[in-house]
Amino acid sequence: MLSLGLSGGIAAGKSLLSSRFRELGATVIDADQLARDVVAPGTAGLAAVVHHFGDGVLLADGTLNRAALGALVFADKDELAVLNGIVHPLVRESAEAIKRDAGPGTVVVQDIPLLVETGQGANFHLVVVVSAPADVRLERMVSERGMSAEDALARMAAQADDVQRDAAADIVLSNTGDPETVIARLDALWHERLLPFAANLAAGVPARRDGPVVIVEPDPSWPAQAARLTARLARAAGELAVGIDHIGSTAVPGLAAKDVLDLQLRVRDFADAEALAGAIASAGFPAQAGQWWDTGHDFAGGSAGERWEKRFHTAADPGRPVNLHVRVDGSPGAVFAVAFRNWLRAEAGPRMHYEAFKRELAALHSADNSSSGYAEAKEPWFATVSPGLAEWADRTGS
């Protein structure tokens, strides 16, 4: 089951996308509807709301007076936090029950207006945000919903801003023009990325990555992308994870690289790595078959030619290639990966040398159908630079 979080500012267009997701065949969980359900008459949620806010938030028939409650909370962030603390856990519990009933290969979309504000991004395989400029959203609220400008602005101010939402998003769909345009973007996303991702998860296999290595200019968003994936991995691994590192070229600002994020999950021993395999696969990173090793580079307790064992996972998501290296904490391979990253961050000379070498190799292997030849050709270079890296690490304590 592929789990998506759908969010966006008020009047950005979540309802439009939710409707289209349903038409495409997704199971859509509407957080607003669940929020109404968990405070229906006779529920523990409504009792908790009345206990804090008083009988003035009830209508004569015993149902919640949403207008009265809204007037209290949207003008007071502390009171809004209290309300969220009552309602959101109940909504999440109801949503989890629906997700548990979803079958393999299903795409489950949770429409959550305050996904960013409540820090729920790590709960999903992907977060989709629909966006529109503040002035467009304000106009929609006034002209289409009959709200006053003052009320609309207060509701917008109570939510995360565009920068915060974009930082939490794996995918941003702009909804500034006609509805058909954003629907077309969603349809392409559905067929090209979401359905293949869901199928890969159901089969427990990684996304195909064919073709030669392509070196691209550095993307400033790589660290933010890695941070979102790290949060999901941390949630999946729980206490068995000693630490998770963004490593490799995409972790070095200004360094051209393959558009593949390398992450390192450190564990206490390989028994923990094996125990985590299922959870990591469910989080979107199936294991590659067989045993995997790095070639030793005479660094941090290793010797040249020694094989440093690891477990290797890659992404089921065809839209975000990832290599996940699971290594024992403190092992030569784990130490080398972090030290090499730090060295390249700190030293312009090795960084420029490495980039030039990668571009040369990519050109030599430009006709290959996979990256394996490129990867094998890189290994001798690491052995040649390991003495300089080791000296730098000793000198700086890095």
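Trainee: Which residue in S3 is the bridge partner of Leu4?

Mentor: In S3, Leu4 has Val109 as its bridge partner. Keep in mind that this is a predicted model, where local features need pLDDT of at least 70 and side-chain atom pairs count only at pLDDT 80 or more, while totals for chains, interfaces and linings use all residues. Residues are numbered from 1 along each chain as its sequence is written, and side-chain values use heavy atoms, with hydrogens and water left out.

Trainee: What makes S1 and S3 a pair?

Mentor: Strands are DSSP runs of E with at least two residues, helices are runs of H or I with at least four, and both are numbered from the N terminus. Two strands pair if DSSP finds at least two bridges between them. S1 (residues 2-7) and S3 have five bridges, in the parallel sense, so they meet that rule.

Trainee: What joins S2 to S3?

Mentor: Four bridges join S2 (residues 27-30) to S3, and these strands run parallel. Within S3, Gln110 stands opposite Ile29.

Trainee: Why is S3 called largely enclosed?

Mentor: Buried means under 20% relative accessible area (exposed is over 50%, partly exposed in between, with a 1.4 Å probe and protein chains only). Five of the five residues of S3 are buried, so the rest of the structure largely encloses S3. Val107, Val109 and Asp111 point one way, Val108 and Gln110 the other, and all are buried.

Trainee: What makes a space a pocket, rather than a cavity?

Mentor: On a 1 Å grid over the protein atoms alone, a cavity is a set of points where a 1.4 Å probe fits but cannot get out, whereas a pocket is an open set with protein on both sides within 12 Å along at least five of seven lines. Lining residues have an atom within 4 Å of a point. The largest pocket is lined by 49 residues, with Lys258, Phe312, Asn323, Ser371 and Ala375 nearest its centre. H14 gives the largest share of that lining, seven residues.

Trainee: How many residues of that lining are nonpolar, polar and charged?

Mentor: They divide into 20 nonpolar, 14 polar and 15 charged. Ala, Val, Leu, Ile, Met, Phe, Trp, Tyr, Cys and Pro count as nonpolar, Asp, Glu, Lys and Arg as charged, and the others, Gly among them, as polar.

Trainee: Which element gives the most to the lining of the second largest pocket?

Mentor: H5 does, with eight residues. This lining has 23 nonpolar, twelve polar and twelve charged residues.
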